[in-house]
Amino acid sequence: MTRIKRGYIARRRRTKIRLFASSFRGAHSRLTRTITQQKIRALVSAHRDRDKQKRNFRRLWITRINAVIREREVSYSYSKLIHDLYKRQLLLNRKILAQIAISNRNCLYMISNEIRKEVDWKEYTGII
């Protein structure tokens, strides 16, 4: 029986997988079966942690805004600020507010005071 030389397609697929796992340690970067398992696991973790990263950044922004708002006045809080922003229909997201809070606190104080004055005046006069 004559010898059959195999094609290059399977080898090309395996080298592509090995390039993905080249930074892994031990058998995770050498053995094809474990490489495929680790690749699946790595991609699942990356997908999950992208969502987790969004949650963590949102928590960080909320904490920063709340800390700066409570610094000046004890009675005013983050939730009241966001509620007043929605009442005024101001489109400032939490990321922008957190950047303002870090870089220029007086600007955030001015925004919150203006919003409070406007909302308090409207509630006092009965205009909503």
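Colleague: What makes the contact between Arg105 and Glu71 a salt bridge?

Modeller: The side chains of Arg105 and Glu71 meet with N and O 2.8 Å apart. The cut-off is within 4 Å, for a side-chain nitrogen of Lys or Arg and a carboxyl oxygen of Asp or Glu, so the pair qualifies. This is a predicted model.

Colleague: Which parts of the chain does the pair link?

Modeller: Distant ones. Arg105 is in helix 5, and Glu71 is in helix 2, residues 32-72. They are 34 residues apart.

Colleague: Why is Arg105 called partly exposed?

Modeller: Its relative accessible area is 38%. Buried means under 20% and exposed means over 50%. The value for Arg105 falls in between, so the residue is partly exposed.

Colleague: How many salt bridges does a search of the whole structure find?

Modeller: The search finds 2. Arg48 and Asp49 form one of them, with the closest N and O atoms 3.2 Å apart. That is within 4 Å, so the pair counts as a salt bridge.

Colleague: Which residues gather in the patch of positive charge?

Modeller: Arg6, Arg13, Arg14 and Arg18 gather there, on the surface.

Colleague: Why is Ser112 called buried?

Modeller: Its relative accessible area is 4%, and buried means under 20%, so Ser112 is buried. Ser112 lies in helix 5, residues 105-125.

Colleague: What makes the approach of Ser112 to Tyr109 a polar contact?

Modeller: A polar atom of the Ser112 side chain lies 2.9 Å from the backbone oxygen of Tyr109. The distance cut-off is within 3.5 Å, so the pair meets it.

Colleague: How do you know that Ser29 is buried?

Modeller: Ser29 has a relative accessible area of 17%, and the limit is under 20%, so it counts as buried. Ser29 is in the loop between helix 1 and helix 2. A polar atom of its side chain lies 3.1 Å from the backbone oxygen of Gly26.

Colleague: Is Ser77 buried or exposed?

Modeller: Ser77 is at 10% relative accessibility, under the 20% limit, so it is buried. Its place is the loop between helix 2 and helix 3. Ser77 and Ile65 are 12 residues apart in sequence and 9.1 Å apart in space, C-alpha to C-alpha.

Colleague: Why is Gln89 called exposed?

Modeller: Gln89 is at 68% relative accessibility, over the 50% cut-off, so it counts as exposed. Gln89 is found in the loop between helix 3 (78-88) and helix 4 (94-103).

Colleague: What is the phi of Gln89?

Modeller: Phi of Gln89 is near 60°. That is a positive value in a residue other than glycine.

Note on methods:
Residues are numbered from 1 along each chain as its sequence is written. This is a predicted model: local features need pLDDT of at least 70, side-chain atom pairs count only at pLDDT 80 or more; totals for chains, interfaces and linings use all residues. Side-chain values use heavy atoms; hydrogens and water are left out. Patches are made of residues with over 30% relative accessible area and no salt bridge: like charges are joined within 9 Å, nonpolar side chains (Val, Leu, Ile, Met, Phe, Trp, Tyr) within 5 Å. Accessible areas come from the Shrake-Rupley method with a 1.4 Å probe; for residues, only the protein chains shown count as cover. Lys and Arg count as positive and Asp and Glu as negative; His and the chain ends are not counted. The place of a charge is taken as NZ of Lys, CZ of Arg, CG of Asp or CD of Glu. Helices (H or I, at least four residues) and strands (E, at least two) are DSSP runs, numbered from the N terminus. Buried means under 20% relative accessible area, exposed over 50%, partly exposed in between (1.4 Å probe, protein chains only). A polar contact is a pair of N or O atoms within 3.5 Å; within protein, one must be able to donate a hydrogen and the other to accept it, and residues adjacent in sequence count only if both atoms are side-chain atoms.
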